Structure formats: structure tokens, C-alpha cells
Amino acid sequence: RDNLPENVITTEMIKNEQFNRIFYHRIEPKNKVEVGIDQTNWRAPFQTIEFDAPTDGVVIVHWGGTWVWDYAGTLNSSNSSSSHNKAFMAAWFRIKVNGIVVTNSIMNAYFRKYDSTYMTGILPVVPGRVVVDIQARNVEHDFTDSPAKQRPSQNRYTITTCELMVHYKLR
């Protein structure tokens, strides 16, 4: 910190994590998370980190995940008719901190069987309990009408690996 006198921050302070705390959670392939056909609403959090903040600070959240689409026969069996040629299915993710949506991923269309995304978000927090959640959605967007409509997707996807890292910077 530029505004502090020299030698104020000691090695011992850094070892005792007086300025930063790091929390980490990983989902391995053996613990896959399925996002089903009926997931037009946000799924209950599938990854959560909770901790107590002793002082106000800022929470920096990083999340990255990979998934695989479970196609029902063909790449786009639900949209094979001409009436649905302007529709696509999408995997969608978001980060919430203490119930506040910090960021949303792009809507990742089903065009690749294997896909991944990365999100990051920052939010100031006050002293007390901090809850960081990751949620997912599976929607089909139909652009045949204006405005576009969301409806339940005809396919599901499975999150195979994901990592959640929370960096809490104390004030």
C-alpha cells in the first residue's frame, strides 16, 4: 500500500493472512452435476463457499467450468422442424454473493458437445457471514417471435468439472 510508512507490513502479518483470505472448491468428474430438461428457472446452488468476514472488504470470485451436452439422438433433435429454426438451447451460469447477482455468463449455445466458460465478479462486503453461490440454468431461446421467448430445453447437460475460488481482501 502506497500510503503506509515503510516496514509497517511485516512478513508475520502476511503469514497470518491479515490482508487476504483464499477459499477454494472444486467439483471433480466423479461428482458430476446434471442440469435437467426442466431447468428454466435457476437451479439451486451447486457450488457454495461460506465464511465469516471479520471486517469490511471486497470479495473477488472466479469460477470456471466444463460440461457436456446430452443430446437426444442428434445435435439438435428438438429444433429439426422449420418452425423452430430460429431457436437454440443454452447453458447459462451466474455468481451470487449474499444473494446479489454479481455476474452472469454468456448463454453458451449447444453447438459444441463439450463446452466451457469462465466468470469473475467483485463485490464489497460488510463484516459478517458471506455466502458465494454458483447457479446454472438450461433454457431454449426461441427467436421466431418478437420478443424472444424462453422455454424448457429438450436436452440436458452435465457439468463435469468446475472450480470456484473466492479471494477475500480485508480492508
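Visitor: What should I keep in mind about the model before we begin?
Guide: It's predicted, so local features need pLDDT of at least 70 and side-chain atom pairs count only at pLDDT 80 or more, while totals for chains, interfaces and linings use all residues. Residues are numbered from 1 along each chain as its sequence is written, and side-chain values use heavy atoms, with hydrogens and water left out.

Visitor: How many helices and strands does the chain have?
Guide: Helices (H or I, at least four residues) and strands (E, at least two) are DSSP runs, numbered from the N terminus. Here you get one helix and eleven strands. Reading from the N terminus, the order is α-β-β-β-β-β-β-β-β-β-β-β.

Visitor: What share of the residues is buried?
Guide: Buried means under 20% relative accessible area, exposed over 50%, and partly exposed in between, using a 1.4 Å probe and protein chains only. Of the 171 residues in the chain, 40% are buried. As for total area, the Shrake-Rupley method with a 1.4 Å probe is used, and for residues only the protein chains shown count as cover. The chain's accessible surface is about 9,600 Å², with 51% of that belonging to carbon and sulfur atoms.

Visitor: And what share of the contacts is between residues 24 or more positions apart?
Guide: A contact means heavy atoms within 4.5 Å. Take the contacts with a separation of 6 or more: 78% of them are between residues 24 or more positions apart.

Visitor: Which residues have the most contacts inside the largest nonpolar core?
Guide: The general idea is that in soluble globular proteins, nonpolar side chains tend to be buried together. A nonpolar core is a set of buried Ala, Val, Leu, Ile, Met, Phe, Trp, Tyr and Cys residues joined through side-chain atoms within 4.5 Å. The largest one here has 36 residues, and Phe-46, Val-59, Trp-63, Phe-93, Val-132, Tyr-157 and Ile-159 have the most contacts inside it. Elements giving two or more residues to this core include strand S3 (47-53), strand S4 (57-70), strand S5 (87-97) and strand S11 (156-170).

Visitor: Is Gln-135 buried or exposed?
Guide: Gln-135 counts as buried because its relative accessibility is 7%. You'll find Gln-135 in strand S9 (residues 128-142).

Visitor: Which side chain does the side chain of Gln-135 make a polar contact with?
Guide: A polar contact is a pair of N or O atoms within 3.5 Å; within protein, one must be able to donate a hydrogen and the other to accept it, and residues adjacent in sequence count only if both atoms are side-chain atoms. For Gln-135, the partner is the side chain of Arg-94, at 2.7 Å. A polar atom of the Gln-135 side chain also lies 3.1 Å from the backbone oxygen of Arg-43. Leaving aside residues up to four places away in sequence, Gln-135 touches a list of residues including Trp-42, Phe-46, Trp-92 and Phe-93.

Visitor: How many salt bridges are there?
Guide: Side chains of opposite charge can pair when their charged atoms come close. The cut-off for a salt bridge is a side-chain nitrogen of Lys or Arg within 4 Å of a carboxyl oxygen of Asp or Glu. The structure holds six. One of them joins Arg-129 and Asp-52, at 3.2 Å from N to O. That pair links distant parts of the chain, with Arg-129 in strand S9 and Asp-52 in strand S3, 77 residues apart. Arg-129 is partly exposed at 44%, whereas Asp-52 is exposed at 52%.

Visitor: What does the pair Arg-156 and Asp-70 tie together?
Guide: Their side chains meet in a salt bridge at 3.6 Å, N to O. Arg-156 is in strand S11 and Asp-70 in strand S4, so the pair ties together parts 86 residues apart in sequence. Glu-34 joins Asp-70 and Arg-156 in a network of salt bridges.

Visitor: How far apart are the closest N and O atoms of Arg-112 and Asp-115?
Guide: They're 3.1 Å apart, in another salt bridge. Arg-112 is partly exposed at 49%, while Asp-115 is buried at 9%.

Visitor: Where is Asn-98, and what is its phi?
Guide: Asn-98 sits in the loop between S5 and S6. Its phi is positive, about 50°, although Asn-98 is not a glycine.
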